[in-house]
Amino acid sequence: MPAPLPSPLFLGLDLSTQQLKAIVIAEDSSLVHESSVHFDNDLSSYGTTNGAIRGPGDGEVTSPVAMWLDAIDLLFQRMKIAGVEIGAIAAISGAGQQHGSVYWSKDAENLLASLDPTKSLVSQLTPAAFSLPNAPIWQDSSTTRECRELEDLVGGPQALADLSGSRAYERFTGTQIAKIRRVNPEAYEATSTISLVSSFIPSVFVGRILPVDISDASGMNLMDVISCKWSDVLLEACGGPELREKLGPEPVIGGTILGKVSKFFVEKWGLNPECIVAPFTGDNPASVIALSAPGDAVLSLGTSTTFLLSIPGADTPPKRFTTSHLLSHPTDFDGKIAMLCYKNGALAREQVRDRYAERDWARFNELVEATPAGNNGDFGLYFPLPEIIPPGVVGQHAFHVEKDSTTLTPADDLPAGAHPRAILESQFLSIRSRIADILPENSPPLQRLVATGGSSANLTIRQIAADIFGMKVFVSSTKEAGGMGGALLAKYAWWKAKNGGQGSFEDMTGGEITGLQCVAEPRKEVTEVYEKLVEVYRACEAQVVLKAA
């Protein structure tokens, strides 16, 4: 009798700024293996700091593409040594840091198609497969000129947001391409194809250059976010008439089979020749896949604060704003992801803790719990760094509102014990005040709030979030959301193929998210207090914006 086939495994890779991570899951989505390659430590010869190289120009930040290729080989070596059943991997997908771009040479396709399994990836692909050895990444801020030119060309920031989902940002790929075309025309002319980080990795696995996925394409200022197709106006503005050819086919949706792994990976690392490769997506969309279902929100409480809202398809598309992003959903042409990014997250909370709570989180929590919802009318807005939402505001601002009044009185400061609650209320009310505008009309109420990041472990912060948003707060046992999202996208492509190409991602999961635990529930009477304070918060913010102007 032939040996029974091994149970299928699914590999999710996450190429982030500082490391390449692998998450392997079983058919029931349970974690089988995880490993990583840390660029600074494991590949120190590339001279990166936190995975990146700064300069030579002002604001320029790149990563060596060769380092990423070395990381792929090293990661598979580590998986093999760890005893992972590599031959049982049935599908591969993953996530890449958003906005970063890779520039392939005119020899790239031939080199990818003829990889020798006795040699390393880097020895065969660099430098000849790339017109630029280093990839501009999301930390790059050198394209302010191109951002203003792009917005002016399409009719302003709001017009660009309406078309592409976001106003122009220095890190977005379209303006990065425009700058390379301007300052390095020889390299641009020598480029056959431009990949995102997320489409670069699967291209290496399949042995030919593959299209971008619809969700990561939303972070380029090049795609029409509603139709999920390249915008001729934006392509022409950023890269001239040749950019459409350099970007390749229209963006693809998750769950598509892009191809099978090349002979290189079969012979060198033991992957099954039938192992399929599905589109990779950006790190934020992959986190949404791992942590939430349509109608849920993800609140990332890290150094920055990010709010991701998974919006099901509706007759009316969501509104677009110049202070937020709208992304296409990686597995649903009609679904969208709204994203709010705040620069002043944990940094601002820690400054308040250090200044007013004896540098101690336990004391910070005591002070929060000693004051009622609404903070006795004391409002504080805290921006140690110039903020993104609202744009450009900076500094610490205090206001007082008398009970049952909406009249603001600017204050020199708040009582010392009021600051801990004030910062949590203002940070969360800022998000809450924008949710209704983002959601299409007649949207059902949001279901769950999934909290991630360092501050999500704080019980007091969890409860304030539940009360302000009026939602149950969950935390996930998944610590590597990008890689887990990738592994689930790999499983989805395999599952869909087994079902004759039919079925949504939610059909596969049944709407269930693995590893979620409810950690806080809203208190109705407290949520009602905060509902009345949304307009008060808006008035505070409007005064701060006016003052900054």
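Helices (H or I, at least four residues) and strands (E, at least two) are DSSP runs, numbered from the N terminus. Keep that in mind as you click along. The model is predicted, so local features need pLDDT of at least 70 and side-chain atom pairs count only at pLDDT 80 or more, while totals for chains, interfaces and linings use all residues. Residues are numbered from 1 along each chain as its sequence is written, and side-chain values use heavy atoms, with hydrogens and water left out.

**Stop 1: helix H11**

Select residues 232-239, which form helix H11. Its buried residues are Leu-234, Leu-235, Cys-238 and Gly-239; buried means under 20% relative accessible area, exposed over 50%, and partly exposed in between (1.4 Å probe, protein chains only). Now look down the axis of H11: these buried residues fall within an arc of 100°, so they line one face of the helix. The arc is that of the directions from the helix axis to the C-beta atoms. Then step just past H11 to Gly-240, which takes a positive phi of about 75°.

**Stop 2: helix H6**

Next, select residues 157-164, helix H6. Which residues of H6 are buried? They are Leu-160, Ala-161 and Ser-164. Just after H6 comes Gly-165, with a positive phi of about 100°.

**Stop 3: the nonpolar cores**

A nonpolar core is a set of buried Ala, Val, Leu, Ile, Met, Phe, Trp, Tyr and Cys residues joined through side-chain atoms within 4.5 Å. In soluble globular proteins, nonpolar side chains tend to be buried together. Here the largest core has 59 residues, and those with the most contacts inside it are Phe-307, Leu-309, Phe-428, Leu-449 and Phe-469. Zoom in on Leu-449: beyond residues up to four places away in sequence, its contacts (heavy atoms within 4.5 Å) include Ala-297, Leu-299, Phe-307 and Phe-469. A second, separate core has 58 residues, including Ala-22, Val-102, Phe-200 and Val-261.

**Stop 4: the largest cavity**

On a 1 Å grid over the protein atoms alone, a cavity is a set of points where a 1.4 Å probe fits but cannot get out; a pocket is an open set with protein on both sides within 12 Å along at least five of seven lines, and lining residues have an atom within 4 Å of a point. Grid points are joined across faces, edges and corners, and a volume is the space filled by probe spheres set on the points. There are 3 cavities of 30 Å³ or more. The largest holds about 90 Å³. Select Tyr-342, Phe-383, Glu-387 and Tyr-537, which are among its lining residues. Strand E19 (378-383) and helix H17 (419-438) each give two or more residues to that lining.

**Stop 5: the second largest pocket and Leu-533**

Finally, go to the second largest pocket, with a volume of about 420 Å³. Of its 17 lining residues, Glu-402, Lys-403, Asp-404, Val-529 and Leu-533 lie nearest its centre. Helix H21 gives the most to the lining, with 4 residues. Click on Leu-533, which lies in H21. Is Leu-533 buried or exposed? Leu-533 is buried, with a relative accessible area of 14%. Leaving aside neighbours within four places in sequence, Leu-533 is in contact with Gly-374, Phe-379 and Leu-429. Leu-429 is 104 residues away along the chain, yet the C-alpha atoms of this pair are separated by 8.1 Å.
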